[in-house]
Amino acid sequence: MKPRWSAFYRTCLDDHLRRWRVDTVVIAGCNYPNCPRATIVDAGERDYKVLAAADAISGVDDRHLEEAGRIGVLHADTDEIVEALQPPELEVIS
């Protein structure tokens, strides 16, 4: 359970991600001005690459995405993110 808006504030999230050697986080959530934005800023401060799932964050608009982009946050829709995470198809050699 997180006690404040950021998923990093007084939680073990950073410890877990570092143990698993994660370097990139994808952020989705409710009410952009609160939890997603706080988590995005805290992830950036911890040197994670940050990708905002723009269509999976309520209350986000183009202005918010532009602002986040100025601190290095990329954004995409969830279908683009899922597609990018798919392993490439292997070519079968006969």
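Start with the whole protein chain and its contacts. Among those between residues at least 6 apart in sequence, 61% join residues at least 24 apart. Keep in mind that this is a predicted model.

Now colour by secondary structure. The protein chain shows four helices and three strands. Trace them along the sequence, and the pattern reads α-β-α-β-α-β-α.

The spans are about 55 × 35 × 25 Å.

The protein chain exposes about 7,000 Å². Carbon and sulfur atoms supply 54% of that area. Of the 94 residues, 28% count as buried.

Select the charged side chains. There are 11 positive and 17 negative ones in the protein chain. The centres of the two sets lie 13 Å apart.

Then go to two loop residues, with one point of background. Most residues other than glycine have a negative phi.

Select arginine 21. You are in the loop between helix H1 (13–19) and strand S1 (24–29). Phi of arginine 21 is near 60°, a positive value in a residue other than glycine. Is arginine 21 buried or exposed? Its relative accessibility is 74%, so arginine 21 counts as exposed.

Move on to aspartate 47. This residue sits in the loop between helix H2 (35–45) and strand S2 (49–57). Phi of aspartate 47 is positive as well, near 70°. Aspartate 47 counts as exposed because its relative accessibility is 70%, and the cut-off for exposed is over 50%.

Note on methods:
Residues are numbered from 1 along each chain as its sequence is written. This is a predicted model: local features need pLDDT of at least 70, side-chain atom pairs count only at pLDDT 80 or more; totals for chains, interfaces and linings use all residues. Side-chain values use heavy atoms; hydrogens and water are left out. Buried means under 20% relative accessible area, exposed over 50%, partly exposed in between (1.4 Å probe, protein chains only). Contact means heavy atoms within 4.5 Å. Accessible areas come from the Shrake-Rupley method with a 1.4 Å probe; for residues, only the protein chains shown count as cover. Lys and Arg count as positive and Asp and Glu as negative; His and the chain ends are not counted. The place of a charge is taken as NZ of Lys, CZ of Arg, CG of Asp or CD of Glu.
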